[in-house]
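Please have the sequence and the 3D view at hand as you read.

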Amino acid sequence: MEIRENDALALWALEKPDDVAYRILESGECVTWKELELRSRQCAAMLLARGLKQGDCIAVFLDNHLRYFEILWAAQRIGLYYTTISRHLKTNELLYILGDCGAKALFTSQGLVSDVGALVQATGNILRFTLGGSLSGFSDYESALATVQTDVQLAPAIPGTDFSYSSGTTGRPKGIKRPLEHANQHFNARPGPQNVWKQFDRNSVFLSTAPFYHTAPVRWNMAVMMQGGSCVMMQKFNEKAALNAIEQYRVTHSQWVPTMFIRLLRLPLEERASHDLSSMRYAIHAAAPCPVWVKEQMIAWWGPILYEFYSGTELVGRTSLNSDEWMAHKGSVGRPEFGAVHIVDESGNECGTGERGLVYFSGGPRFEYHNDPDKTREAYNDRGWGTYGDIGYVDEDGYLYLTDRVANTIISGGVNIYPQEAENVILRHPKVQDVAVIGSPNEEFGEEVKAVVELLDPDDATAELATEIIALCRADLSAIKCPRSVDFVTDLPRTDAGKLLKREVKARYWK
């Protein structure tokens with residue numbers, strides 16, 4: 001086998017062919033480096049033989065499948081973009097992304113597509129492959145691979161990269177596509193001790209806790225394998241299974257969201273103490289603000305190995321900090337890894353230390369929302385600074401704190417209320433599983449604060465508990481920030497990556 005320059009997969013397949021590149025935790029299925037290199041090379045050659053060329057895009061609409069990452073590696077090796085799509089989308093939502101990204105090939109599996117006939121009719125020119133079961137109008141993936149010789153060689157190419165879409169928590173998903181030659185240049189920005197948590201090697205073992213389609217698992221798993229590390233991938237998050245995996249596979253790096261930490265902390269103390277977690281050196285978390293009390297308890301349990309970053313698929317900027325920095329700046333999401341942070345008020349003026357405003361970044365790479373110049377313009381101000389749409393402030397040491405998203409702001413009687421503060425308080429209640437604080441209609445004030453609460457035990461939903469939750473908030477916060485009413489629900493809509501879909505919660509109250 002010929003090893004091309006910058007072909008990391010071929011290198012690891014030669015050096016340690018029978019070692020595990022990644023495994024699926026629940027099934028125990030493993031993929032060796034030799035198997036990953038061979039099958040991804042065959043997949044890449046098969047796509048080239050069917051007319052795809054460098055710069056084209058493929059789409060992956062799968063559950064957390066054993067073959068997921070060999071498809072991504074195939075695209076990576078021949079300079080293709082890969083768009084990973086949430087397995088929860090309906091056919092019309094799937095068709096929108098397929099059309100918007102210009103996919104030339106689609107990989108899916110039986111049971112995921114809600115309307116196969118409509119999909120086939122609308123994607124006449126797209127190559128369609130199915131894994132693990134037949135679908136009318138689709139080619140069988142394994143049969144397609146079998147048409148390629150195992151010794152097929154690939155010509156040099158600029159590496160491919162992800163062509164990701166936003167999660168759609170505030171509207172229709174938006175695509176972010178960067179030139180291939182610049183796509184990954186900022187992954188290891190801010191070199192040195194500040195980003196040691198991103199420096200993987202052949203001895204790294206990464207626990208991937210989230211769905212494969214989300215941007216973070218795509219980028220982190222690919223980055224780990226690029227450096228020869230092994231990945232332990234969960235098909236669905238379970239707190240006990242995660243602790244077992246850390247102990248069994250001697251995990252060194254792991255990635256989390258705050259809701260996972262809350263579930264871990266609610267395990268019985270004897271369960272938490274029964275696992276050997278000494279191998280883990282870096283517990284990385286992002287995606288949503290982490291309540292201070294949650295992170296304090298996690299550091300007390302795991303030690304100063306928590307590393308937090310704040311960023312987005314658009315990558316207009318990124319901040320990060322380690323546990324020691326956080327203990328000195330509790331609640332912060334860190335300092336910039338590149339560029340600078342600016343807090344801007346409603347008039348466009350830059351705010352002073354401690355003053356809240358819209359968070360902007362300067363000095364980062366520019367991006368464009370694919371096929372949406374209007375949305376792209378909205379993400380930048382007249383000084384060329386980019387934003388993710390979050391509200392926050394900076395302290396005297398330059399550390400950034402997030403208070404909420406602009407889209408979540410409640411305006412009651414002309415006063416801006418940021419619901420994240422009340423949510424952090426309510427989550428402390430031992431009977432609360434999850435919460436969304438939203439603005440609901442009020443004839444006099446326009447909006448009033450309402451807490452929509454999911455309980456650990458739905459049978460605990462009583463008027464007395466609602467009163468108790470409101471009182472808990474009023475003990476910590478001014479009355480205007482506290483809910484005037486509490487509704488109990490059996491399930492709050494969150495993405496698999498842990499982001500709360502507040503627009504869906506609000507839709508129940510606003511007609």
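## Terms and ground rules

Buried means under 20% relative accessible area, exposed means over 50%, and partly exposed lies in between (1.4 Å probe, protein chains only). Helices (H or I, at least four residues) and strands (E, at least two) are DSSP runs, numbered from the N terminus.

The model is a predicted one, in which local features need pLDDT of at least 70 and side-chain atom pairs count only at pLDDT 80 or more, while totals for chains, interfaces and linings use all residues. Residues are numbered from 1 along each chain as its sequence is written, and side-chain values use heavy atoms, with hydrogens and water left out.

In H15, the buried residues are Leu465, Ala466, Ile469, Ile470 and Cys473. They sit on the same side of H15 because they cover an arc of only 140° around the axis, the arc being that of the directions from the helix axis to the C-beta atoms.

The buried residues of H15 pack against helix H14 (420–426) and strands S24 (432–442), S25 (446–455) and S26 (485–489); contact here means heavy atoms within 4.5 Å. On the face turned away from this buried side, H15 carries the exposed residues Ala463, Glu464, Thr467 and Ala475. The helix spans residues 463–476, 14 residues, and its first and last C-alpha atoms are 21 Å apart, close to the expected 20 Å at 1.5 Å a residue. That expected span is 1.5 Å times one less than the number of residues.

Now for a sheet: six strands form an open one in the order S7-S6-S5-S3-S4-S8, with parallel pairing. Strands S7 (139–140) and S8 (161–162) stand at the edges with a single partner strand each, so one side of each is left without a neighbour in the sheet. Two strands pair if DSSP finds at least two bridges between them. S4 and S8 pair in the parallel sense over two bridges, and tyrosine 81 stands opposite threonine 161 in S8.

Threonine 83 lies in strand S4 (residues 81–84) and counts as buried at 1% relative accessibility. Its side chain reaches the backbone oxygen of phenylalanine 163 at 2.9 Å. Beyond its neighbours within four places in sequence, threonine 83 has contacts that include Cys57, Val60, Ile97, Phe163 and Tyr165.

Threonine 209 belongs to the loop between strand S11 (205–208) and helix H7 (215–226). This residue is buried, with a relative accessible area of 6%, and its side chain reaches the backbone oxygen of glutamine 255 at 2.5 Å. With neighbours within four places in sequence set aside, threonine 209 touches Met234, Phe237, Gln255, Trp256 and Met260.

In strand S18 (residues 340–344), four of the five residues are buried. S18 and strand S19 (residues 357–362) run antiparallel and are joined by five bridges. Alanine 340 stands opposite serine 362 in S19.

## The whole chain

Stepping back, the protein chain has 16 helices and 26 strands. Its radius of gyration is 23 Å, close to the 24 Å that the globule rule gives for 511 residues, so the chain is as compact as a globular protein of that length. The radius is taken over C-alpha atoms, and the rule is 2.2 Å times the number of residues to the power 0.38.

Of the 511 residues, 57% count as buried.

Methods: A polar contact is a pair of N or O atoms within 3.5 Å; within protein, one must be able to donate a hydrogen and the other to accept it, and residues adjacent in sequence count only if both atoms are side-chain atoms.
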